[in-house]
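I opened the notebook to look up the ligand site, the record's annotations and the backbone geometry. The entries are kept in that order.

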Amino acid sequence: MDKIGVLVAGACGRMGREVVKAVVAQDDLQLVGAVDQVGAGEDIGQVCGLGELGIAVETDLAAALRSSAAAVMVDFTTPLTVMDNIKAALAAGVSAVVGTTGLTAENLEEIEDLAVRTGKGVIVAPNFALGAVLMMRFAQQAAKYFPDVEIIELHHDRKIDAPSGTALKTAELIAAGRTSEPASKPAPLEKINSVRGGDYLGTKIHSVRLPGLIAHQEVIFGGQGQTLTIRHDSLDRTSFMPGVILAVRKAPSVQGLIYGLDTLID
Ligand code: NAP
């Protein structure tokens with residue numbers, strides 16, 4: 001059996017290190033490259049606490065893609081660099097699995113267009129945790145009966161973008177699941193700017209950033225005399241790894257863009 005060659009962009013980051021460990025633990029995957037802005041020249045195995053793997057961290061993604069024989073690039077970098085990285089992967093004929101959040105609707109359109117033109121696959125998932133995917137699915141179902149809903153997303157204080165990609169995707173699914181409009185409410189008299197959160201497709205989103213948190217979300221529906229709360233907590237970054245590995249295995253047979261892990265699970 002040919003192993004799928006995997007290059008990790010952002011390999012020295014919090015998520016990247018977990019991806020390296022998860023890839024190395026799979027029999028059918030082979031880590032063939034590690035790219036990051038930090039740790040240049042260091043052995044990525046040492047960076048991840050695995051011991052020597054014989055793969056040095058590189059800083060030039062295009063060169064690493066050319067020399068590594070990667071079939072799939074996994075990207076957990078930053079919202080500022082992810083588009084350039086996806087373009088570099090597709091230009092090198094490499095499929096991409098993207099966990100970096102902060103991509104806009106226009107970005108996704110551009111990725112789809114590029115992926116179709118190159119005949120390669122890009123899988124973008126704002127949340128690779130299975131429980132989060134189910135939370136979004138249940139929220140879409142509940143929206144049919146409870147059009148009034150607010151989202152509270154909570155993340156660690158080093159997250160760059162707000163709201164989270166998961167919150168945006170949840171709001172999109174809720175909008176798709178509603179069969180009636182939310183009740184119209186009087187404009188709030190905000191004594192502190194934006195205290196009622198940001199509105200996206202009729203759902204208020206509130207972003208909490210605190211040390212100690214990883215990734216958490218509550219979707220609170222309100223109805224007559226009742227509320228329904230759906231909550232998901234990623235307590236550890238390993239929670240994302242089964243989803244990332246699933247996407248890596250699927251990516252070589254995908255053409256175009258897949259957005260969201262939900263389309264990959266039954
Ligand atoms: P992080 O610890 O800051 O890791 C990002 C790494 O990428 C850093 O080492 C960073 O280096 C590096 N980097 C920056 N620009 C780069 C470039 N051009 N090429 C290669 N590497 C580059 O962040 P994190 O917590 O791992 O999160 C990474 C992303 O994943 C964020 O967007 C986060 O929201 C997202 N995320 C997604 C999921 C999901 O399930 N989809 C789950 C968790 C997190 P510097 O430190 O020098 O900038």
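The entries below go from the ligand to the annotated positions and then to the backbone.

**Basis.** I worked from a predicted model, in which local features need pLDDT of at least 70 and side-chain atom pairs count only at pLDDT 80 or more, while totals for chains, interfaces and linings use all residues. Residues are numbered from 1 along each chain as its sequence is written, and side-chain values use heavy atoms, with hydrogens and water left out.

**Ligand shell.** I looked up which residues surround the ligand and found 23, the closest being Met15, Asp36, Thr101, Ala125 and Phe128. A residue is near a molecule here if one of its heavy atoms lies within 4 Å of it. I sorted the shell by class and got 9 nonpolar, 11 polar and 3 charged residues. In that sorting Ala, Val, Leu, Ile, Met, Phe, Trp, Tyr, Cys and Pro count as nonpolar, Asp, Glu, Lys and Arg as charged, and the others, Gly among them, as polar.

**Polar contacts.** I took pairs of N or O atoms within 3.5 Å. A backbone N or O atom of Met15 is 2.8 Å from a ligand oxygen, and a polar backbone atom of Phe128 is 2.8 Å from an oxygen atom of the ligand. From Gln37, a polar side-chain atom lies 3.5 Å from a ligand nitrogen. The ligand taken alone exposes 920 Å², of which the protein buries 81% (Shrake-Rupley method, 1.4 Å probe).

I noted that the ligand takes up the space of the largest pocket. A pocket is an open set of points on a 1 Å grid over the protein atoms alone, where a 1.4 Å probe fits, with protein on both sides within 12 Å along at least five of seven lines; lining residues have an atom within 4 Å of a point. A molecule sits in a pocket if more than half of its atoms lie within 2 Å of its grid points.

**UniProt record.** The unreviewed entry gives "binding site" at His156, Gly165 and Thr166. The lining of the largest pocket includes His156, Gly165 and Thr166 from this set. For "active site", the unreviewed entry lists His155 and Lys159. His155 and Lys159 from this set are also in the lining of the largest pocket. Such annotations may be inferred rather than shown by experiment. I placed His155 in strand β7 and His156 in the loop between β7 (149–155) and α7 (165–177). Helices (H or I, at least four residues) and strands (E, at least two) are DSSP runs.

**Backbone.** I found a cis peptide bond from Ala162 to Pro163, with omega near -5°; Pro163 is in the loop between β7 and α7. Ala69 is not a glycine, yet has a positive phi of about 60°. I located Ala69 in the loop between α3 (61–68) and β4 (72–75).

Definitions and conventions:
Polar contact = N/O pair within 3.5 Å; in protein donor to acceptor, adjacent residues only side chain to side chain.
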